[in-house]
Amino acid sequence: MDSTQENEATLASRLEAVGVSIAPDEAEELLAAYPALLAWMRIAQELADEPVEPAGEK
Amino acid sequence: VTTANQLHYASLLEVSDQLRAREVSPVELTRATLARIERLNPRLGAYYTVFAEQALAEARQAEAEIAKGAWRGPIHGIPIAFKDLYSLGPTTAGSRLLAGQVAKHEAAAVSRARAGGAVIVGKLATHEFAMAAATLSDHFPPARNPWDPDRTPGGSSTGAGVAVAAGLAFGAFGTDTGGSVRLPAAHCGVVGYKPTFGLITLAGVIPLAPSLDHAGPLARSVADATALFAAVCGHDPNDSRSSVRQIALEPKDLAGGVRGLRIGVPRDFWEPACEPAVRERFETALARLEEMGAQVMDAPLGLTLLQVMAVGYVITLTEAAAYQLPNLRSHPDGVGREFGLAMRAGLLVPDAAYRAALRARARIVGRVDRMLARFDVLAMPTVGVLADPLPPGPRPLSRRITENPAPQYTWLANLHGGPAVSVPCGLAPEGLPVGLQLMGRSFDDATVLRAAHAYEEAAGWGQMRSDLWP
């Protein structure tokens, strides 16, 4: 399975798990935006994981 | 002699003085405002609903009370309006899903404004559920920018920006999750104020992302915005987000200027994505603040715009999708395409990623607090681009969820929770307004508003109006 197929499968299973449907053309649009959503999550994770700066450091 | 018909661009406080002195009648003022709405709203789309009869009844009551000396305060007898996310009469959140719904209870902020004697003239246009960009093909026609009606007024409090900028209300209340009060203020050339989180009750306001949502006023001056804030602020035990710690703030507290004020400019955060026309207006505003005696210095934040917007959006999409889940299940086609897709994207965020975004938010708060330990306020443009043309139909989701987002510098204050205000700082060569944003320490709203007021008085941009709607 390539990454697009993997993303498609992830997307379908997550929405199905919460009982929300999606039309095929919408699924395609969501799939196109999904890599950027993953990037946002990665950016947030990296920021969360940064070492805590000591209080008072400028 | 000034007649009510000539007052539509006057400041709220100026009109308030005239009402109190009985030089102008609240009834005549309300009639003039309603007539202007009737004449211009078909072209500007600021209002979804106008409460003409009720507003006139409120104005008559205000007139009688003022006549017998029972003046309630600065908004007594003043026509104002609320974004259609506040529960009050027909309440749609700009979504066909809620079209025809009438609120059973009034939002607490509306009741507080009513208690202050405000004349509530109507409900204002919004992006769907305060998120999806308005388009020309929407169920509700989009509000239009008074400076160029083919462009967006900025959102999501679209109608609030338009109503205040075009003289269709003397003040308005919007909501602000990532900038939705300050962005329309910047694009429409008016003032938008997001108070410290928890100072204005959100009870009865349809949520977008509860941990980031704020209520806030839009007005034609900083003093007017302060008066609107003062009329509705205060702890509300019916809103779990309402802060027990509150502040007292009135327009008279805005005097004092900026001499000696330390203003930090986080260029690493805003500069890379900013359009030259916006930057030029902002730099001119900074120079003016410096001339006025402020100490303006670079203040590297150590955060990129993308980091801040990514964290803001991951939190917003997740919280909004959780709230909307019942609607998405029962009415999968009930909402507009962009909003429905954005909510489905929110459902794709795993719990662990949401929790990571909350931890990242804490890091952002820490960095902003460190800057605000060195500086009294931080200054940046409100938004790094000029108002876009209104899109013909729903924008592709990849326009919103992208690693190259539209530069909205407003998200920083929502994540931090402290006060932020957008004041006009001039027109770009295209004839479109640009906003200066000042943000500050939580509960130190007074310093931010004082600086904005001083700038506004010195620069004079608060008087600028589109000549399309004389």
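Which elements of chain B do the buried residues of H5(B) pack against? The first legend below gives the reply.

These legends describe a predicted model, in which local features need pLDDT of at least 70, side-chain atom pairs count only at pLDDT 80 or more, and totals for chains, interfaces and linings use all residues. Residues are numbered from 1 along each chain as its sequence is written, chains are lettered from A and ligands numbered from 1 in the order in which they are written, and side-chain values use heavy atoms, with hydrogens and water left out.

**View 1**
Helices here are DSSP runs of H or I with at least four residues, strands are runs of E with at least two, and both are numbered from the N terminus. The buried set is B:Thr158, B:Gly159, B:Ala160, B:Gly161, B:Val162, B:Ala163, B:Val164 and B:Ala165. These residues pack against helix H2 (26–44), strand E1 (47–50), E3, strand E4 (172–176), helix H6 (182–188) and strand E6 (214–219) of chain B. Contact means heavy atoms within 4.5 Å. Just after the helix, look for B:Gly167, which takes a positive phi of about 75°.

B:Thr126 sits in the loop between strand E3 (119–124) and helix H5 (158–165) of chain B. Its relative accessibility is 4%, so B:Thr126 counts as buried. From there, its side chain reaches the backbone oxygen of B:Ser156 at 3.4 Å. That serine belongs to the loop between E3 and H5 as well, and a cis peptide bond with omega of about 15° joins B:Gly155 to B:Ser156. Not counting residues up to four places away in sequence, B:Thr126 touches B:Tyr48, B:Lys83, B:Asp84, B:Leu85, B:Ala93, B:Gly94, B:Ser156 and B:Thr158.

**View 1. B:Asp84 and its polar partners.**
B:Asp84 is found in the loop between E2 and H4 of chain B. With 0% relative accessibility, this aspartate counts as buried. Its side chain makes two contacts to pick out here: one of 2.6 Å with the side chain of B:Thr92, and one of 2.7 Å with the side chain of B:Lys123. A polar contact is a pair of N or O atoms within 3.5 Å; within protein, one must be able to donate a hydrogen and the other to accept it, and residues adjacent in sequence count only if both atoms are side-chain atoms. Leaving aside neighbours within four places in sequence, the residues in contact with B:Asp84 include B:Tyr48, B:Pro90, B:Ala93, B:Leu124 and B:Thr126.

**View 2. Two alanines with positive phi.**
B:Ala93 has phi near 55°, a positive value in a residue other than glycine. Its place is the loop between strand E2 (79–83) and helix H4 (108–115) of chain B, and at 0% relative accessibility B:Ala93 counts as buried. B:Ala130 has phi near 65°, again positive in a residue other than glycine. This alanine is in the loop between E3 and H5 of chain B and counts as buried at 7% relative accessibility.

Four salt bridges are counted between chain B and chain A, a salt bridge being a side-chain nitrogen of Lys or Arg within 4 Å of a carboxyl oxygen of Asp or Glu. One of them pairs B:Arg359 with A:Asp49, with the closest N and O atoms 4.0 Å apart.

Definitions and conventions:
Buried < 20%, exposed > 50% of the residue type's maximum accessible area, 1.4 Å probe, protein only.
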